[in-house]
Amino acid sequence: MGQLQDRTLALAGIFQAARLVQQFSREGQADPTAFGASIRSVLLIDAGSVADVYGDAPGVALGLALVRDKLGGETTPQDIEMAKYVVALMQLEAALARRAEVTQAIQTGIRSIGSQMEFFKSQADKDTQTRLTEKLADLYTHTLSTLSPRIIVTGEQGHLATARIASGVRAVLFAGIRSAVLWRQLGGARWHLLVYRGKLAAEAARLLGETNR
């Protein structure tokens, strides 16, 4: 697997998390397949490959479509908000990289959650996914939300005030940070979104094409 493919998958993970935040905050629900793959990726801190983190390309199909379309030139009114979340996730990850004690607390917490969840049994197990969401949201509150800059989520207040949705938002933000860590470890940088946007969009299209065969 090449570096471009790995970087594109990690970037798709960030874009997917940003879109899921929008879906929760604006619509009160999120794509269930993308949500499941994203939050499970947080637990896979010892995965053998980038593809394994997401369950291969299908796990970030939503994110790959966004990378293909948004970096390829297609824009909608939602894109400014989504771009804000993508940049905010990268900024928060950069802040995390400077705080070894918070990183250690997160790693310890994730290993504990993974043990408690018995490796999340089954993708279709809604009760297990609900518990995983709540545990990730709680860990986010006690670690990542203590860092600056904090990510400000906007949307319908009626949705954001709901405990289930608030937990979902925090869990997918955690997933976005997981992907942002991967992106940085693979040499990714914010300026790549401009300089290499065409290559990233083309690679995302290729991966989606393979997924849809």
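1. Arginine 206 has a relative accessible area of 33%, so this residue is classed as partly exposed. In this predicted model, arginine 206 forms a salt bridge with glutamate 203, and the closest N and O atoms are 2.6 Å apart. Both residues belong to helix H11 (residues 197-211) and sit 3 residues apart, about one turn of the helix. Glutamate 203 is at 9% relative accessibility and therefore counts as buried; the cut-off for that class is under 20%. A network of salt bridges links Glu203, Arg206 and Glu210.

2. Glutamate 93 and arginine 184 form a salt bridge whose closest N and O atoms are 2.6 Å apart. Arginine 184, with a relative accessible area of 40%, is partly exposed.

3. Aspartate 46 pairs with arginine 111, with 2.9 Å between the closest N and O atoms. Aspartate 46 comes from the loop between helix H2 (32-43) and helix H3 (50-54), while arginine 111 comes from helix H6 (residues 100-116); the two are 65 residues apart in sequence, so the pair ties those parts together. Aspartate 46 counts as exposed, at 59% relative accessibility. Arginine 111 counts as partly exposed, at 48%.

4. How many salt bridges does the structure hold? The total is 8, and the pairs Asp46 with Arg111, Glu93 with Arg184 and Arg206 with Glu203 are among them. As for charge placement, the protein has 24 positive and 20 negative charges, and their mean positions are 4 Å apart.

5. On secondary structure, the protein contains 11 helices and 0 strands. Read from the N terminus, the order of elements is α-α-α-α-α-α-α-α-α-α-α. The radius of gyration is 16 Å, close to the 17 Å from the globule rule for 213 residues, so the protein is as compact as a globular protein of that length. Along the principal axes, the C-alpha atoms fill a box of roughly 40 × 40 × 35 Å.

6. Of the 213 residues, 52% count as buried. Among contacts with a separation of 6 or more, 81% are between residues 24 or more positions apart. The accessible surface is about 10,000 Å², and carbon and sulfur atoms supply 52% of that surface.

7. Serine 41 is part of helix H2 and is buried, with a relative accessible area of 1%. Which residues does serine 41 touch, not counting residues up to four places away in sequence? They are Val53, Tyr54, Ala175 and Arg178. For alanine 175, the C-alpha to C-alpha distance from serine 41 is 6.6 Å, against a sequence separation of 134 residues.

8. Serine 167 is placed in helix H9. Serine 167 counts as buried, at 15% relative accessibility. With residues up to four places away in sequence left out, serine 167 touches Thr133 and Ala137.

9. Two backbone details deserve a look. Serine 148 and proline 149 are joined by a cis peptide bond, with omega at about 5 degrees. Proline 149 is in the loop between helix H7 (126-142) and helix H8 (157-160). Separately, aspartate 56 has phi near 70 degrees, a positive value in a residue other than glycine. Aspartate 56 is in the loop between H3 and helix H4 (61-70), and with a relative accessible area of 42% this residue is partly exposed.

Note on methods
Residues are numbered from 1 along each chain as its sequence is written. This is a predicted model: local features need pLDDT of at least 70, side-chain atom pairs count only at pLDDT 80 or more; totals for chains, interfaces and linings use all residues. Side-chain values use heavy atoms; hydrogens and water are left out. Helices (H or I, at least four residues) and strands (E, at least two) are DSSP runs, numbered from the N terminus. The radius of gyration is taken over C-alpha atoms; the globule rule is 2.2 Å times the number of residues to the power 0.38. Buried means under 20% relative accessible area, exposed over 50%, partly exposed in between (1.4 Å probe, protein chains only). Contact means heavy atoms within 4.5 Å. Accessible areas come from the Shrake-Rupley method with a 1.4 Å probe; for residues, only the protein chains shown count as cover. Lys and Arg count as positive and Asp and Glu as negative; His and the chain ends are not counted. The place of a charge is taken as NZ of Lys, CZ of Arg, CG of Asp or CD of Glu. A salt bridge is a side-chain nitrogen of Lys or Arg within 4 Å of a carboxyl oxygen of Asp or Glu.
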